Amino acid sequence: MNINQIEWFCLACEHRSFAKAAQLAHVSRQAFSKQMSNMERTLGYPLFKRDEIGVHPTERALAIYPAALDCVQCYRSFVQVADDQLLESKPIVRIGFADGIIDALPDDFLFQLEQECPYCQITVEKHYVNRCVDLLREDELDMVICSTPGSTAGLRERILTRFPIYVAIPRAIMDCSMREPTLEDLSHLEFFALGNDFPNDREVEALFEERGLSFRMNTQYNDYDIILNEVRRGRGCTFVPATCVDAIRCASVQIVDFPLRDHTWNIGLYYEEGLHAHATQQVIDAICAHFPVTQPHAEKHVAAIAQ
């Protein structure tokens, strides 16, 4: 016999209906009836008389009902006290976000995460992507949300979402008003990038090389905000994920589609392989449940570009 059976027994006594009691217990009528039959077999005597109108507690059922109700109330009280104790000593789960990632997530992402993981104290830090990974390996963070880092050895990767890639080109460098540039057109331009140790940048370079084209990459800056500012100043071009289009938009810069439309910017969840504390695994599961691998902001940003 378990607490569910005892609680369901009380519901049946109170409502004189298995159908109504099953509805309140959020189970099927068949499952509810089966559990009541199991309880009767365990006790060794019938608890309900069944007819076409409903069910009626037997004398023995009415005799044990007060004790059953006390049992249910004591159990609920126990759960409440146990939860209160957990709330007083919430385990800390540390999440690192790479620069620019927060803008790529739903506005209520952290709020929803806290609602679904009430027994964790979630702390958030923001760093350059490689610094996030370093802190993860040093056990200063429990997980990281970022674009694909330079090294993922020993880490679990869960791709959360993908975004279209665009190209930001200063008007002073190339006029794209008549037609969108081809990959060959782009091969004559210089691109600011965070560094050739990043898979996204290496993938772009490979796309050019496969077609016998050169890819001129300037990696002197490791901060994306600085790169966007240099593009606004007309000093070079850069690749822009859909989530950062608004940050670079200005009269002096054109935003055009990357010629290969299936090339995307991926955001992933990274954490070390092996066993995790229950709280950490709870947060990992909650994050992954909210991110089917889609392009949630693609249509919104394309519409913004068209304007």
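In the predicted model, helix α6 (residues 129–137) has V129, C132, V133, L135 and L136 as its buried residues, where buried stands for under 20% relative accessible area with a 1.4 Å probe, protein chains only. These residues cover an arc of only 160° around the axis, and therefore lie on the same side of α6, the arc being that of the directions from the helix axis to the C-beta atoms. An α-helix has 3.6 residues a turn, so residues three or four places apart point the same way. The cover over the buried residues of α6 includes β3 (92–98), β4 (121–127), β5 (143–147), β6 (155–170) and β11 (264–272), and α6 is followed by D139, which has a positive phi near 65°. Helices (H or I, at least four residues) and strands (E, at least two) are DSSP runs, numbered from the N terminus.

In helix α9 (residues 224–232), the buried residues are Y224, I227, L228, E230 and V231; because their arc around the axis is only 160°, they fall on the same side of α9. They pack against β6, β7 (190–192), β9 (237–241), α10 (245–248) and β10 (253–257), with contact meaning heavy atoms within 4.5 Å. Just after α9, G234 adopts a positive phi of about 85°.

Residues are numbered from 1 along each chain as its sequence is written. Because the model is predicted, local features need pLDDT of at least 70 and side-chain atom pairs count only at pLDDT 80 or more, whereas totals for chains, interfaces and linings use all residues, and side-chain values use heavy atoms, with hydrogens and water left out.

Terms used. Buried means under 20% relative accessible area, exposed over 50%, partly exposed in between (1.4 Å probe, protein chains only).
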